[in-house]
Amino acid sequence: MKVILLLTMCLGLFACGNKNTKGSKAQEQQPQKDRVEVLYFHGKQRCITCAAIEKNTKETMETLFADELKDGSLVFKSIDISQTENEEITNKYEVTWSSLFITKWKNGKDSTENLTKYAFAKALSAPDTFKANVTQKIRQLLK
């Protein structure tokens, strides 16, 4: 059973429109306000797990953190890695396929946690657990 789950996850990872983009197109930086950014990277084609990661992350944020989203202390970005205008941020995070990152910006410096493995393990198979842990992580970083 575990082997089947592992093979399914691996297949999903490779079916997500993996693309490694290179380039250095200048992109305007957002003002360095203290904030937490939740960054969901994806390709043009997405598997069911990729769609679940974005859906569950977005639902969690819009339901539980509406005020923070409104005041800018929390930001959600869904970034298509196949778009040339996203090359700079894609390169910064060294993204080549669907990924989920949470970044805390404090005094102009960023600290990032990669939640990709966790997201692929839980977003589809245990969405409530996924949402609870993403909520906990966001609350911790907003302090």
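**Note on helix α2 and the sheet**

1. The buried residues of α2 are covered by elements that include β1 (35-42), α3 (66-71), β2 (74-80), β3 (99-106), α5 (116-122) and α6 (127-142). Helices (H or I, at least four residues) and strands (E, at least two) are DSSP runs, numbered from the N terminus. Buried means under 20% relative accessible area, exposed over 50%, partly exposed in between (1.4 Å probe, protein chains only).

2. This is a predicted model: local features need pLDDT of at least 70, side-chain atom pairs count only at pLDDT 80 or more, and totals for chains, interfaces and linings use all residues. Residues are numbered from 1 along each chain as its sequence is written, and side-chain values use heavy atoms, with hydrogens and water left out.

3. Helix α2 spans residues 48-64, 17 residues in total. From first C-alpha to last, α2 reaches 24 Å, close to the 24 Å expected at 1.5 Å a residue (1.5 Å times one less than the number of residues). Buried positions in α2 are Thr49, Cys50, Ala52, Ile53, Glu54, Asn56, Thr57, Thr60 and Met61.

4. An open sheet of 4 strands has the order β2-β1-β3-β4, with mixed pairing. Strands pair if DSSP finds at least two bridges between them. β2 and β4 (109-114) are the edge strands, each pairing on one side only.

5. β1 and β3 run antiparallel and are joined by 7 bridges. Leu39 has Phe101 in β3 as its bridge partner.

6. α2 packs on the sheet and touches β1, β2 and β3 (contact: heavy atoms within 4.5 Å). The direction of α2 makes about 160° with that of β2; axes are lines fitted to C-alpha atoms, for helices over the stretch in contact, and angles run from 0 to 180 degrees between N-to-C directions. α6 also packs on the sheet, touching β1, β2, β3 and β4, and its direction makes about 15° with that of β3.
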